[in-house]
Amino acid sequence: MEKNSISFGRRSKDPLRIRVWKDMLRDWKRYLMIGLLLIVTIGFVSGMYVANNSMLISLDKNVTAMKREDGHFKLSIKADEATIRAIETGELADVPAVYRERAYSEAADEVKKAVDEAAAEKVGEQVRDAIKAQVSAAVDKQINASKAMGVEVTETERESMISSAYDSAVAENYDKAYSDALNTAKESEDYEKAMSDAMDGAKKEIDKEIDDKYDELAEHYGLNDEFDAVPVRIYELFYKDTDESLPLDSSYSGTIRVYAERSDVDLYDVLRGRVPENDNEIIIDRMHADNANIKVGDTLYAGNTDFEVVGLAAFEDYSALYESNTDTMFDALTFDVGMVTDGGFERIRANTCANYAFTYNKEPSDEYEEKKLSENFLKALITQTAVSDTEDLKIEDYVPAYANQALNFAQDDIGKDKAMGGVLLYILTAVLAFIFAVTISTTLEQESSVIGTLRASGYTRGELLRYYMSAPLLIVIIAAVIGNILGYTVFKNTVADMYYSSYSLPGFETLWTPEAFIKTTVVPVVLMLIINAVVITRTLKLSPLRFLRHDLKQKKRKKAIRLPKWRFFQRFRMRVFLQNIPNYLMLFVGITFVMLLISMAVGMPETLSYYQDAMPDMIFAEDQIILSSTEDSDGNTITTEDEEAERFSVTSLERKSDTYNEEVAVYGIENDSRYVKLGSCGDDSVYITKAYADKYDVKAGDTITLSEKYEHREYEWTVKDIYGYSAGVAVFMDNERFNSVFDKEQNEFSGYMSDNMITDIDREYIAKEITAQDMIKVADQLDHSMGAYMKYFQYVCFIVAAIILYLLTKIIIEKNERSISMTKILGYENGEIASLYLVPTAVVVFLSEFLAVYIGYKLMAFFWKLIMMKMSGWFSFILPASGFVKEFLLVFVAYLIITLFDFIRIRRIPKVLALKNME
């Protein structure tokens, strides 16, 4: 008999692998929703990383290619050549020595004058006394002779004779006698000693005064600290600020800053057209041209001077169009930058600003060294300017490159957006991972009998863990692949267009970005892996027997809560709620997350709209003109014929803190002003604006401290009251006290304010003009840059809310499928069953929205204040009642739509399901 042999065939594949794909196909709607959400999010964030990284590398290269400045400073007037050469050395000037030399020279004349006056007075008295003595002796001799002859002379007659003889003698002999005596006195040792003693005394007083003032200055700026010279090269970058108008658009009005042709520093990239070739041509900023609809070949007016636009460019020092480094926001709508030939520059009739750029002879190795070089150069600039022979030379502005918002804001914003995009991706991934985890937890409960059987059949926890984690990981990996492809193609261009619509950026080349792959693929996969692994592993620790018994509770089963004697449907709904509390908590977290996003999407446009509408009513005068000089070229005080115009004074101080030094405007207002109505103030009290009070949480009675920017001088005032002005961070006092506090002349002022437009002052004498449009430009720019995107973002939030609600409510229904099936067997209709399971969820959504909309608002207000604390100025986060209603409706309408799908899902649950796997 032939021995039978047993043949073992090829081992079959693990059936669980095939089941993964079947599970995904069976529940394709859930996976499609999650996949789409991940694809769009990963794609957008990947595109953001790719575009941002490529742009940042391009900007870094332009630092060298475009010869970017290391900083710039503005002086009150043009400095002489000797001062510029001295500043370029980067050495500290010996301020005390120079001041002493000047003071000694001035004192020498004063001392000589004083000693000469004293000597002249003394010699005059001596000469008069000598003449009187000689005259008295002669008169007495005559009287004695008369007495000898028997003629008596009374005392009165004697005094009259002496007085008459004295007057005659002084008239005849005083001048010669005085001159001879004075010359003799000046040649004497007593005179020399008096001069020497007086000069020594004057020098002591001068030395003490100079030493005291220099010690204060040295302490404030660290002039006595260890110092290394910072040699630099200085370039003239003079400019003129003037009105910009367009013949083709009479409604447009703006400001243009025009530079003469530049070739040594802060170069430019002509993106369209060409450079100016004659005195009637100009190139302007590309970003502003797009916003104002200016094209090559158009004509624009700089003041009253017309130019043909022959090119659109990106200027290296204006990647963001900041008119002033202290502005809250750049302004690409009404502020323009242009460049003309030297002859074209002379054609413009406007005040010339003495602006100088500088570059270090030795480039700093890192940011820390750059900051150190900047601090040392500022010391050299302050001291060299102080000792300059140019009269009235003052530093009006100093901005190192690392602190220049026009240079850095775009670059910083790109970097921050990248970080924010990454955070949003991780938050959304974590939310979706938890949804997956809850879904899988529900699946584990539904398939507990199968799991128990598999475990009893020899399948390990590891095999089951890998099986149940396969679907989430596959979805994330597929979404990451598709998302990254879209990121490098579609979304990259979308992000780039967003930045090009706000900033003046050069072209860029798309570069491979490893960071994008790590943060949009590796990190989401790891997040999904960890969260799901923790949830699944925790459940799989249970024994096979407990799975077979459907006993998956981690804690001991508690006795059911006794409910009041309500109607059956009410008690049933309460049981549904109590059984699904963990799922409802997840639903609340999801709604809160969505509400935070919607608070930003709804609150940002509402805030900007509020300030755009309210700002004209907030300003205290329609037109404010700050003069560069209060006297014209003939020395006459500049005046206006506007009868409603009032004089005012203004200066800038700093509110210093560890995180941000904010520039604060300090106004001097006329008494009984029609524009700024202040009460009486004491010698140490002031009014502050509502914006100041809101931003820094200051109230009446508090003490504020402000400092000079380039001098060691602090001012401490008590807040008298809050002035209802929200358009800026400012301080008010009366003009007389202003002049006293800031050491001004009694009737000195800075400019005029009026509710009428002041048009009769020559633009040459106007340093700055502030109108209502200037005040709302921040809101206009933010609305232009972000307003449209916020509208789209609201739609995105609506879709996200719908998807999250769909996924979470689907979990709740799936968890109760058997119960729903049983109620159908008991004869309940679909509508009744829907009311049992959907009403509790609707109530939870409704109540969650009320709480979440408040939490979202508070969180957004908190984040908004953090952002504004790092910027100049202040906007309160405004969300009117209509905004809260809109937020609530967006989410609730999304839920109502999802409810329709839930009802359809309930209808499709078969009755037979309740009879399956019954023990």
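Among contacts in the protein chain between residues at least 6 apart in sequence, what percentage join residues at least 24 apart?

A: It's 83% of them, with contact meaning heavy atoms within 4.5 Å. Bear in mind that this is a predicted model, where local features need pLDDT of at least 70, side-chain atom pairs count only at pLDDT 80 or more, and totals for chains, interfaces and linings use all residues. Numbering runs from 1 along each chain as its sequence is written, and side-chain values use heavy atoms, leaving out hydrogens and water.

The protein chain holds 23 helices and 20 strands (DSSP runs: H or I of at least four residues, E of at least two, numbered from the N terminus). Now for the holes: there are three cavities of 30 Å³ or more, a cavity being a set of points on a 1 Å grid over the protein atoms alone where a 1.4 Å probe fits but cannot get out.

The largest cavity has a volume of about 140 Å³, counted as the space filled by probe spheres on grid points joined across faces, edges and corners. Its lining takes in 15 residues, each with an atom within 4 Å of a point. Closest to the centre sit Leu59, Asn62, Glu316, Ser319 and Pro506. As for elements, α2 (28-65), β8 (305-315) and α10 (405-446) each give two or more residues to that lining.

Methods: 1 Å grid on protein atoms, 1.4 Å probe; cavity = no way out; pocket = protein on both sides within 12 Å on 5 of 7 lines; lining within 4 Å.
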